[in-house]
Amino acid sequence: MAPSRPTPARAAQARSAQVRAPRTDGPGDELRGVLEPVVTAAGFELDTLDVHTTGRRHTVRLVVDSDAGVGLDAIARISRTASDELDRNEHLLGGSYTLEVTSPGVDRPLTTPRHWRRAHLRLVGVRPRVGDPFEGRVGAAGEDAVTLLVGGVLREVRYADVAHAAVEVEFAPPPEKDLALLDPGHVVGPGPGAAAHGVHDEAAEDTE
């Protein structure tokens, strides 16, 4: 019997479905081939695809992103379409599944040049491979290195020299003088403050 279609909701959506016996070869790569086109067609990038299995229950988590961010309507739309694709390809999963679609949280590590570009003008904490941890504000990000404003001084940091980096939560707008140093074309106004730094949107579908 076909499952009923979910109703979009801010936090979660639920429905029931029956699927066949579990596969033994791992569905991750095939799932990406099925779900990535869904995300791309909606105008976003599939940042991360995680599949966690407990017994016959699977959790499929999609982290989607774009330069303009990801809104609630887009999250719900991708969730519905991705769920339909999973139903059509139920052989890729054994047992019931939970589908989660979310945008990146503030604690996501900066691991690729595009992560650094999307953190433009944000404050980040950096743990280098050699030396002490430090904080800096993100300027221009290239393919191999990023410019950071550290203690009022512009500093080029190679990605290869970074062991870990993540955006720091700020509860006040950045100093205008810092923004002017990093982005000479910056227009004075509200900066990337706490509201933009601490929230990510999530929608989920639960199948039992």
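**Notebook: confidence, sheet, rings**

I started with confidence: the chain averages a pLDDT of 78, and 75% of the residues score at least 70 (pLDDT is the predictor's confidence in each residue, from 0 to 100). Over residues 1-25 the pLDDT is below 50, yet this stretch has 62 contacts beyond near neighbours in sequence (contact means heavy atoms within 4.5 Å). Residues 190-205 also stay under 50, and there I noted 54 contacts beyond four places in sequence.

Ground rules for myself: this is a predicted model, local features need pLDDT of at least 70, side-chain atom pairs count only at pLDDT 80 or more, and totals for chains, interfaces and linings use all residues. Residues are numbered from 1 along each chain as its sequence is written, and side-chain values use heavy atoms, with hydrogens and water left out.

Next, the sheet. I found 5 strands in an open, antiparallel sheet, ordered S8-S7-S6-S5-S9. Strands are DSSP runs (E, at least two residues) numbered from the N terminus, and two of them pair if DSSP finds at least two bridges between them. S8 (153-158) and S9 (162-167) are the edge strands with a single partner each, so one side of each has no neighbour in the sheet.

I then looked at S7 (residues 145-150), which is joined to S8 by 6 bridges and runs antiparallel to it. Leu 148 stands opposite Arg 155 in S8.

What does the charged end of Arg 155 sit over? I traced it to the ring of Phe 134, 4.2 Å from the centre (the cut-offs are CZ of Arg or NZ of Lys within 6 Å of the ring centre and within 35 degrees of the ring normal).

Terms used:
Helix = DSSP H or I, 4+ residues; strand = E, 2+ residues; numbered from the N terminus.
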